Amino acid sequence: MASRRALQIGGATVGVGAVYYLYSAGGNPSVAEKKLEHDVSAAGARLKGQDMSTKEGQKKAEVLAKEAGATLDRTVDTVRGEVRQADQVITAKMHEAGSKLDQLKDDGSKKLDSAYKDTSKELQQTADTFDKTVNRKTAEAKSGISSWLGFGGK
């Protein structure tokens with residue numbers, strides 16, 4: 001009874017398979033037969049571990065992985081070089097800016113000192129002129145008062 005049941009299941013499976021291949025081949029029995037033969041040989045090769053498409057795919061994947069790794073390494077090296085160059089440029093610009101800042105600070109300090117000296121000199125001259133004028137006017141006022149009181153010599 002079990003063999004009869006297995007025979008029925010096997011027959012049903014073959015029937016379903018035949019319908020699948022005929023349907024996928026568009027009803028053409030010769031195309032369906034070729035697809036069936038291809039699938040059977042591919043399944044046999046997989047069972048034997050000789051799946052050519054898998055081995056070829058693995059080889060292609062390895063080649064692509066090596067190429068991708070090499071490309072990635074080149075890109076990383078290029079980026080590192082560009083970062084080093086940018087760092088050098090930034091460092092040079094920072095030194096240049098520091099030098100300019102020091103120069104501007106020195107120039108500003110010199111100008112401030114010069115303006116202080118000039119202003120101090122002008123203030124001293126103005127004070128001296130004021131003192132001379134006050135002394136002269138004081139002397140004139142004393143002589144005028146002395147002459148009114150008769151102490152002056154005429």
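## A salt bridge at E96

E96 is partly exposed, with a relative accessible area of 38%; here buried means under 20% relative accessible area, exposed over 50%, and partly exposed in between (1.4 Å probe, protein chains only). In this predicted model, the side chain of E96 meets that of K100 in a salt bridge (3.5 Å, N to O), a term for a side-chain nitrogen of Lys or Arg within 4 Å of a carboxyl oxygen of Asp or Glu. K100 is likewise partly exposed, at 48%.

## A second pair

By this rule the count comes to 2 salt bridges. E140 and R136 also meet through their side chains (3.7 Å, N to O), and they too are 4 residues apart in helix α3. E140 has 41% relative accessibility and R136 has 44%.

## Overall fold and confidence

The protein chain has 3 helices and 0 strands; helices (H or I, at least four residues) and strands (E, at least two) are DSSP runs, numbered from the N terminus. Of its 154 residues, 3% are buried.

The mean pLDDT, the predictor's confidence in each residue from 0 to 100, is 81 for the chain. Confidence is lowest in helix α1 (residues 2–24), at a mean of 69, and highest in helix α3 (residues 52–149), at 88.

## Basis of the values

Residues are numbered from 1 along each chain as its sequence is written, and side-chain values use heavy atoms, leaving out hydrogens and water. Because the model is predicted, local features need pLDDT of at least 70 and side-chain atom pairs count only at pLDDT 80 or more, while totals for chains, interfaces and linings use all residues.
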